[in-house]
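Try each task before you read its solution.

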Amino acid sequence: MKDAQELIARKDKLEQELRELEDVLISAGVGMDTPLVDNAGFPRSEIDVHTIRTSRNMIHRLRNDHREIMSEIEAILHRIHQLKKASDEAGTSTSAPTSTSSTSTTRSDERPIPFAVVNAVAPDSPAYNSGLRRNDQIVQFGGIHAGNHNRLQALNTMISHSENQTLTISILRDGISLQMLIRPRSGWGGRGTLGCHLLPL
């Protein structure tokens, strides 16, 4: 568990550095693929081309580091899930039927209720860099939850008004509750401001 906490701390630090570098691009009005030369092939005079290029290179490097850390975190979470599953199965096999039923009901009552599932995530998108992965179940996205999402319409409205704002997401992954930060933004190189597709549950 200590390894996971250290990796999550490193992930959070990387994400903060990425946000700061992305702010440099946003303040200059450019994205990762915006041309830095004019029609005549000369460097654009209205922006600091050197700073933009340096920021882009650092973003590429940090995104690669972020992908590696997320893979390590996912591997650790998978091991934790397997250990938890084995422990639950061992507890079930040694418990009386009435006791098992009572325990199951309690867990069901306490379990957070997801309202959407991640169907796809584009590489290097805001969703991917936040840590979202396919099959993650969304419990809360900003202020949107199972009681007010209105078949995701409320979520879509909130996201459209939250570009470049940091939002907190609560998810379930393999039965484990996780929290992460996401900042919807355009200009990341793909469609939409999240780069993921959600389906209502």
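**Exercise 1.** Work out whether E22 and R183 are buried or exposed, then say what joins them.

*Solution.* Step one: E22 is buried, and R183 is too (buried is under 20% relative accessible area, exposed over 50%, partly exposed in between, with a 1.4 Å probe and protein chains only). Step two: the two form a salt bridge, with 3.4 Å between the closest N and O atoms (that is, a side-chain nitrogen of Lys or Arg within 4 Å of a carboxyl oxygen of Asp or Glu). Step three: E22 sits in helix 1 (residues 2–28) and R183 in the loop between strand 5 (176–182) and strand 6 (196–200), so this pair ties together parts 161 residues apart in sequence. Helices (H or I, at least four residues) and strands (E, at least two) are DSSP runs, numbered from the N terminus.

A quick word on ground rules: this is a predicted model, so local features need pLDDT of at least 70 and side-chain atom pairs count only at pLDDT 80 or more, while totals for chains, interfaces and linings use all residues. Residues are numbered from 1 along each chain as its sequence is written, and side-chain values use heavy atoms, leaving out hydrogens and water.

**Exercise 2.** Find which network of salt bridges E22 belongs to.

*Solution.* Start with R185: E22 forms a salt bridge with R185 as well, the closest N and O atoms being 3.1 Å apart. R185 lies in the loop between strand 5 and strand 6 and E22 in helix 1, so here the parts tied together are 163 residues apart in sequence. Both E22 and R185 are buried. Now widen the view: salt bridges link E22, D23, R63, R183 and R185 in a network. Over the whole structure, a search finds ten salt bridges.

**Exercise 3.** Describe the surroundings of R63.

*Solution.* First place R63: helix 2 (residues 49–94) holds it. Next, its relative accessible area is 3%, which means R63 is buried. Finally, leaving out residues up to four places away in sequence, R63 touches L18, E22, M32, D124, N129 and R185 (contact means heavy atoms within 4.5 Å).

**Exercise 4.** Now look at D65 and R61: how far apart are they in helix 2?

*Solution.* They're four residues apart, about one turn of the helix. An α-helix has 3.6 residues a turn, so residues three or four places apart point the same way. D65 and R61 form a salt bridge, with closest N and O atoms 3.8 Å apart. D65 is partly exposed at 26% relative accessibility, and R61 is partly exposed at 45%.

**Exercise 5.** Which residues of helix 5 are buried, and what covers them?

*Solution.* In helix 5 (residues 153–160), the buried residues are L155, M158 and I159. Down the helix axis they fall within an arc of 100°, so they line one face of helix 5 (the arc is that of the directions from the helix axis to the C-beta atoms). Their cover includes strand 2 (137–141), strand 3 (144–145), strand 4 (167–173) and strand 6.

**Exercise 6.** Where does pLDDT stay under 50?

*Solution.* Look at residues 96–109, where the model has three contacts beyond four places in sequence. pLDDT is the predictor's confidence in each residue, from 0 to 100. Where it is low, the predicted coordinates should not be read in detail. For the protein chain, the mean pLDDT is 81, and 84% of residues reach 70 or more.
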